Amino acid sequence: MVEIGDTVRIHCTGRLDDGSCFCDSRRAGQPIEFTVGSQMLLAALEEAVIHMEPGDARTLRIPAEKAYGAYDESLLETIPSAQFPEWENLPVGGYIKMRTGVGSMRVRVDFVDEEVIRFDHNHELAGRDLEFDIELMEILKSDAIAQEAHAAECGCGCQRLKASLQS
């Protein structure tokens, strides 16, 4: 049975309400591997595998609020086209990486003309309810020493998650 701190491999297919698929680990050719409680995936996905056994499968529906949040109009940014080199080559409807003061981020090019460019900083799945089919393929149990070391220096919140699930 999966516990917080275990590393697991799952196959996962994610769909939108219209049935379109946005991720499919089987089609990609390999399962997704992550440590439960590490916050590598959506919390609801991590929680869904807890108490599963290899071979168990389930369908999970995650409302937008628990996935990538509601679509936020305040995350639309409009700048003058003159401030962006080669603005006429931007892929309207597509994504680009922009450098920020804290690194780079992926943004959607929402609109472009001679005067302004509008970027959408929302996650591409913001405002969307998600459905996942997950199958637990394998549990890669970590040893007790590794779990204790992780717990001592962890900032991922796995101990808080474990406590909340046990209450």
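**Entry 1: the model.** I am working with a predicted model. I keep that in mind throughout.

**Entry 2: the pocket.** I looked up the largest pocket. Its volume is about 170 Å³. Which residues line the largest pocket? I found Ile 10, Cys 12, Phe 22, Cys 23, Ile 32, Leu 41, Leu 42, Leu 45, Tyr 68, His 123, Leu 125 and Phe 132. I then sorted this lining by residue type. It divides into 11 nonpolar residues, 1 polar residue and no charged residue. I also checked which strands contribute. Strand E1 (7–15) and strand E2 (21–24) each give at least two residues to the lining.

**Entry 3: the cysteines.** A disulfide needs two cysteine sulfur atoms within 2.5 Å. For Cys 12, the closest cysteine sulfur is that of Cys 23, at 4.4 Å, so the two are too far apart for a bond. Cys 21 is in no disulfide either. The cysteine sulfur nearest to Cys 21 is again in Cys 23, 6.1 Å away.

Is Cys 12 buried or exposed? I read a relative accessibility of 3% for Cys 12, so this residue counts as buried. Cys 21 has a relative accessible area of 36%, which means it is partly exposed.

**Entry 4: the sheet.** Next I traced an open sheet of 4 strands. The order is E5-E8-E7-E6, and the pairing is antiparallel. Why is one side of E5 and of E6 left without a neighbour in the sheet? Both stand at the edges and each has a single partner strand, so one side of each stays without a neighbour there. From one strand to the next, the twist averages 45 degrees.

E5 runs antiparallel to strand E8 (residues 116–120), and 5 bridges join them. One bridge I noted pairs Leu 76 with Asp 120 in E8.

**Entry 5: a loop residue.** Where is Asn 89 found? I located Asn 89 in the loop between strand E5 (76–80) and strand E6 (95–100). Asn 89 has 54% relative accessibility, so it counts as exposed. I also took a distance from Asn 89 to Val 112. They are 23 residues apart along the chain, and their C-alpha atoms are separated by 9.4 Å.

Methods: Residues numbered from 1 in each chain as written. Predicted model: local features only at pLDDT ≥ 70, side-chain atom pairs only at ≥ 80, totals over all residues. Heavy atoms only, no water. 1 Å grid on protein atoms, 1.4 Å probe; cavity = no way out; pocket = protein on both sides within 12 Å on 5 of 7 lines; lining within 4 Å. Points joined across faces, edges and corners; volume = space filled by probe spheres on them. Nonpolar A, V, L, I, M, F, W, Y, C, P; charged D, E, K, R; others polar. Buried < 20%, exposed > 50% of the residue type's maximum accessible area, 1.4 Å probe, protein only. Pairing = 2+ DSSP bridges. Axes fitted to C-alpha atoms, helices over the stretch in contact; angles between N-to-C directions.
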